[in-house]
Amino acid sequence: MKNRTCPNCDYKYSLKEYLKKPFWKGAFSHWKCVNCGRKLTTSISRRWILAVVGAAPAVLTPYLAEFLMSAEFSPLVSWVSAVIIFFVWAVAIFSLEVFVLSEGNPEEAGSQ
Ligand SMILES: [Zn+2]
């Protein structure tokens, strides 16, 4: 399975496109492929793994902030940097997300 790729048309989403749309979708929602219009959703099992890996460093954020403060950065700069580093990490992890075809008839929007 390729990450960030439409399973129907093989269209590879750039990180920017991914952050614009699927990233903000809940695990049970779906969206239309920008290239072929097929309904897609994210792989739930994959998203769980990514959520665990992506969220893990959150517990380290205070330590990172403390470390930066000990390096004589101001508390504000330390905390903002720690949060930004964590956010970049989370985005990097979630960009490994896998798309799957949504259940149901691909033509369901059309009339019969
Ligand atoms: Zn597609």
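# Reading the terms on this model

User: Where does Glu 72 lie?

Analyst: Glu 72 belongs to the loop between α3 (61-70) and α4, where helices are DSSP runs of H or I with at least four residues and strands are runs of E with at least two, both numbered from the N terminus. The model is a predicted one, in which local features need pLDDT of at least 70 and side-chain atom pairs count only at pLDDT 80 or more, while totals for chains, interfaces and linings use all residues. Residue numbers start from 1 along each chain as its sequence is written.

User: What makes Glu 72 count as buried, partly exposed or exposed?

Analyst: A residue is buried if 20 or more other C-beta atoms, placed from the backbone, lie within 10 Å of its own, exposed if 12 or fewer do, and partly exposed in between. Glu 72 has 7 such atoms within 10 Å and is therefore exposed.

User: Why is the phi of Glu 72 worth a remark?

Analyst: Most residues other than glycine have a negative phi. Glu 72 is not a glycine, yet its phi is positive, at about 70 degrees. Arg 4, likewise not a glycine, has a positive phi of about 55 degrees; Arg 4 lies in the segment before α1 (15-20) and, with 19 other C-beta atoms within 10 Å, is partly exposed.

User: How do you know how α2 is directed relative to α4?

Analyst: The axes of α2 (residues 44-55) and α4 (residues 75-94) come within 9 Å and cross at roughly 160 degrees, where axes are lines fitted to C-alpha atoms, for helices over the stretch in contact, and angles run from 0 to 180 degrees between N-to-C directions. Angles under 35 degrees count as roughly parallel, over 145 as roughly antiparallel, 65 to 115 as roughly perpendicular and the rest as oblique, so α2 is roughly antiparallel to α4. The crossing is right-handed, a word used if the near helix is turned clockwise from the far one by less than a right angle, with anticlockwise giving left-handed.

User: Which residues make the contact of α2 and α4?

Analyst: Leu 50, Val 53 and Gly 54 of α2 make it with Ala 90, Ile 93 and Phe 94 of α4, two residues being in contact if their C-beta atoms, placed from the backbone, lie within 7 Å. These residues divide into five nonpolar, one polar and no charged, given that Ala, Val, Leu, Ile, Met, Phe, Trp, Tyr, Cys and Pro count as nonpolar, Asp, Glu, Lys and Arg as charged, and the others, Gly among them, as polar.

User: What makes β2 and β3 a pair?

Analyst: Two strands pair if DSSP finds at least two bridges between them, and β2 (residues 39-42) and β3 have three, in the antiparallel sense. Thr 42 stands opposite Phe 99 in β3, and Leu 40 has Leu 101 as its bridge partner there. β1 and β2 also pair in the antiparallel sense over three bridges, and Lys 32 has Lys 39 of β2 as its partner.

User: Why is Val 100 called partly exposed?

Analyst: Val 100, in strand β3 (residues 99-101), has 17 C-beta neighbours inside 10 Å and therefore counts as partly exposed. Leaving aside neighbours within four places in sequence, Val 100 is in contact with Pro 7, Leu 40, Thr 41 and Ser 43.
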